[in-house]
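Open the model in your viewer and keep the sequence panel beside it. The tour below goes from one selection to the next and says what is there.

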Amino acid sequence: MNSQYNASNRTSSFRSNHEHVQTTLNERNWEWSYLVRKCRNLELEESYDLYMRRLRIGYLSIFIFIQMLVTCTHALVLLTSSDLTYAYVDMITYLVTAVLIWLILSVNFRNELISKHGWLVYASSWLAVSILVLMDIGLNVYHATSNNDILNPIYDAYTLYAIYMFMPIPHVLQPFILGTAVTICYIINYSFVISAKEANQMHSIFNEAIYLSCVNFLGIFFRLMRDIALRTTFLDRRQYVEENLLLRYARDQERSLLLSILPAQIADRLQEDVRNRIERSKQQHHQRPGINHGCSNNSQALRRWRQPDHGTLFIEPHKDVTILYADVVNYTHLTTTLDVKKLVEALHDLFVRFDIASEEYNVLRIKFLGDCYYCVAGLASPNEDHAKCCVDLGLRMIKDIRDVREKRNLNIDMRIGVHSGDVLSGVIGASKWQFDIWSKDVDIANRLEATGATGRVHVSQQTLRLLDGEYFYEDGTEKAREDPVLQKHDIRTFLIKSLRAPMHDPRRVQRERQAKKLSEASKSNFMYNSTLQQYNQVRNQAKLEMCRELDKMPIGRIQITKICRRSTNLTQDEIEEETFRRNISSFCLLFRIRNWEIQYIREPDVMLKYSIVLAWFVYICLLSIQLLSKDPKYHYWILDGVTISVLTAMLIISWYKKIWIMYFSDTEQLLPQYKLSRMLYKMSDFMQRSIGIRLTVYILVVVSCIVVTAMQVLDCGPKRDEELIQCFHPWILTNCVTLLIGTAFLFTRIPFVVKTTVAVLITVAYTVLVVYEFEHIFDGSPPTNVNLNAKYSHFLLIFITLGIFHLMERQTEFIAKVDYNNWQLEAATDAEAGRRLNYE
């Protein structure tokens with residue numbers, strides 16, 4: 001029992017350690033600094049910048065479309081709902097500003113110009129934002145000075161969203177600087193134009209500053225989360241490319257290894273036979289789904305798959321080939337006098353030289369038999385010079401063995417026999433395959449070696465006829481003339497003395513050129529490549545493959561630049577992207593394969609801790625705005641205190657695992673030892689992994705923000721209209737609702753349908769408040785244009801915010817799902833490729 005208990009503890013400890021290592025890797029793999037460093041280490045930063053450039057252009061095209069739509073909508077509202085005497089100035093200003101912004105930003109669509117002058121990206125973005133801010137603030141100042149009308153700016157948050165979400169400025173620092181400058185401009189405008197005559201001016205200024213700071217925080221959060229998600233997608237794609245190359249390389253290695261043992265024809269027939277039996281076995285397994293064979297039966301089945309059928313013979317005849325037999329002279333004496341280690345080292349040195357020489361002369365080595373080395377030319381591939389290749393190889397082997405003899409001071413030499421004729425080749429055996437050749441001509445070659453002379457190549461008359469007089473020769477040995485086997489087959493033999501053909505002989509030059517090509521090709525063989533060279537080759541090839549993969553990576557569901565293009569003009573990469581798009585529904589962005597959608601939403605959310613930081617910060621901003629805008633009652637303090645405590649507890653729990661991994665985890669103490677610490681660690685991990693918990697946290701966050709926002713209107717009862725107007729500040733409520741919508745959309749790893757539903761419900765509830773419950777309060781608030789009903793200004797801001805966040809979240813969700821879709825398809829492809837790799 002104790003041994004079983006200890007074994008169980010060791011197994012449990014191993015599993016927990018393994019899970020901890022995986023958890024640590026997941027935490028670090030989603031860190032922005034780690035992702036940037038990894039991209040740089042893999043030399044992917046340039047490729048990533050190219051992809052981001054393409055992505056930013058896609059987002060910029062969406063912004064230009066949104067800008068035109070917002071401008072036209074705003075102008076149409078002014079045209080139908082206000083006095084044209086005052087509205088035409090605003091309408092003309094809006095339209096001119098939209099055209100100027102379009103003209104300025106269109107420079108970013110000229111790739112060649114931007115690649116040469118990168119500063120144009122920054123200049124065009126700053127100029128476009130400056131024009132937008134000057135238009136919004138300028139109209140406020142113009143109407144305040146000319147007509148003494150105090151108007152509320154409508155494009156403050158819109159401008160900040162444009163900076164962080166749409167402008168093609170890279171990184172985070174530059175958008176933050178631009179966003180800060182825009183925020184300061186609007187606060188100055190609010191201080192000296194809008195709230196200059198208010199009694200609680202400082203409260204209003206602080207409210208505006210908090211609101212705009214929170215909008216900046218939403219924009220920065222969007223930028224960072226998008227960069228993390230895209231870098232992760234980019235590195236995933238790079239990993240797939242590298243794994244695909246490694247798989248391809250492994251196949252080439254396996255094929256090279258197989259072809260170094262078997263001719264291509266035999267290898268192809270064996271692989272095809274194995275594949276057919278695997279398919280038959282799979283069909284039989286599907287016909288008997290209830291049977292579980294167990295591990296031992298599976299391994300037995302695997303062995304059966306790898307064994308040829310007893311009734312199948314993988315034998316092929318080959319006409320007109322040349323066989324070479326080589327034997328080490330004095331080997332038996334060496335086995336009794338030489339140390340075993342030195343003997344084996346000498347044989348290894350010798351046979352390695354022979355293998356290299358056989359590769360050079362295009363001769364297939366069959367096998368070693370002790371000190372005997374035999375091979376055949378013209379079998380693996382047709383070769384008119386097969387006899388010459390074998391004779392050249394024999395002369396080279398004699399030279400190599402004499403080099404080894406001098407190097408190692410050994411009394412050894414070579415006896416070689418060469419004969420041309422016909423053979424049968426193939427694989428025999430069951431548990432272990434054995435490739436060999438058979439025929440009477442093989443026996444004749446063997447007898448030529450046995451009856452030959454030391455240090456000479458002993459050939460038959462059939463081989464000599466194929467040499468075309470390129471060699472000096474003399475009659476064969478007396479022993480060969482007396483050999484009964486050679487006499488039986490009427491074999492006359494000869495001894496090759498040396499090469500007759502001069503070095504410049506065209507036939508000789510051509511054969512040596514062919515041998516050189518084969519030699520260079522053999523250098524790429526797996527046996528001669530170092531691991532470092534293989535790694536560098538795969539890495540360089542992966543960089544080239546990533547250049548092509550950039551065009552296949554998605555940039556979003558909505559691509560304005562492709563709307564006018566005909567489907568017949570699509571490239572192959574765009575056709576593949578359209579195939580991926582068809583796997584995802586257009587409206588709800590759900591996978592059409594239900595299991596994929598379930599697996600996707602069950603993926604752990606490593607970024608949950610950042611979403612809770614966002615929710616906590618937005619809640620604090622909303623609470624600060626409420627405390628500045630009205631005096632809260634006692635029960636509000638209790639409610640706010642409980643909500644802050646709950647959010648802070650969730651914040652601590654969500655960050656506990658990361659803090660532990662960063663500052664406390666080490667090789668000796670992988671998991672927290674104290675009970676409370678371990679419980680917090682497991683709760684943090686469970687929050688990331690459980691979709692149910694994440695949805696609960698999301699709903700709790702949204703409800704908390706709604707409650708603190710609704711504090712403004714909870715005390716507003718049925719009063720007289722003049723009292724009702726002073727109940728709360730409508731623009732503060734509208735600003736808070738925009739923050740609610742942004743938070744609802746930016747929360748990570750929540751289904752897109754849920755986010756959209758929550759945001760729409762918030763908008764509907766707000767609409768009910770504006771239209772039915774507090775219409776007089778909103779009508780009496782400062783409008784955005786002279787004589788325009790302020791209610792329309794509020795609606796315009798809300799719907800602009802809803803549209804922007806909906807579009808951007810749709811783009812982000814689509815990119816994530818296309819990447820997940822790719823992984824699902826590639827996993828299926830890789831599984832099939834791995835199955836073939838394992839069984840071929």
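A salt bridge here is a side-chain nitrogen of Lys or Arg within 4 Å of a carboxyl oxygen of Asp or Glu. By that rule the count comes to 29 salt bridges. Bear in mind that this is a predicted model.

**Whole chain**

Start with the cartoon view of the protein chain, which has 31 helices and 8 strands. Of its 840 residues, 48% are buried. Among contacts with a separation of 6 or more, 78% are between residues 24 or more positions apart.

**Lysine 407 and aspartate 349**

Next, select lysine 407 and aspartate 349, whose side chains form a salt bridge at 3.5 Å, N to O. Lysine 407 sits in helix H14 (residues 386-408) and aspartate 349 in helix H13 (residues 340-360), so the pair ties together parts 58 residues apart in sequence. Are the two partners buried or exposed? Lysine 407 is exposed, with a relative accessible area of 56%, whereas aspartate 349 counts as buried at 13%.

**Lysine 440 and aspartate 441**

Move on to lysine 440, which forms a salt bridge with aspartate 441; their closest N and O atoms are 3.4 Å apart. Lysine 440 is partly exposed, at 47% relative accessibility, while aspartate 441 is buried, at 8%.

**Arginine 56**

Select arginine 56, in helix H3 (residues 45-81). Which side chain of opposite charge is nearest to it? That is aspartate 49, 5.8 Å away. The cut-off for a salt bridge is 4 Å, and arginine 56 is buried yet has no salt bridge. Now show the backbone of proline 168: its oxygen lies 3.3 Å from a polar atom of the arginine 56 side chain. Leaving aside neighbours within four places in sequence, the residues in contact with arginine 56 are Asp49, Phe166, Met167, Pro168, Ile169 and Pro170.

**Helices H23 and H26**

Colour helix H23 (residues 608-629) and helix H26 (residues 691-714). Their axes come within 8 Å and cross at roughly 10°, which makes H23 roughly parallel to H26. To see where they meet, show side chains on both helices. Residues on the H23 side include Leu608, Ile612, Tyr619 and Leu622; those on the H26 side include Arg694, Val697, Val701 and Cys705.

**Two asparagines in loops**

Asparagine 330 is in the loop between strand S1 (314-329) and helix H12 (331-337). Its phi is positive, about 75°, although the residue is not a glycine. Asparagine 330 is partly exposed, with a relative accessible area of 28%.

Asparagine 787 lies in the loop between helix H30 (775-779) and helix H31 (790-839). Asparagine 787 also has a positive phi, about 65°, without being a glycine. With a relative accessible area of 45%, asparagine 787 is partly exposed.

Note on methods
Residues numbered from 1 in each chain as written. Predicted model: local features only at pLDDT ≥ 70, side-chain atom pairs only at ≥ 80, totals over all residues. Heavy atoms only, no water. Helix = DSSP H or I, 4+ residues; strand = E, 2+ residues; numbered from the N terminus. Buried < 20%, exposed > 50% of the residue type's maximum accessible area, 1.4 Å probe, protein only. Lys, Arg positive; Asp, Glu negative; His and termini not counted. Polar contact = N/O pair within 3.5 Å; in protein donor to acceptor, adjacent residues only side chain to side chain. Contact = heavy atoms within 4.5 Å. Axes fitted to C-alpha atoms, helices over the stretch in contact; angles between N-to-C directions. Parallel < 35°, antiparallel > 145°, perpendicular 65-115°, else oblique.
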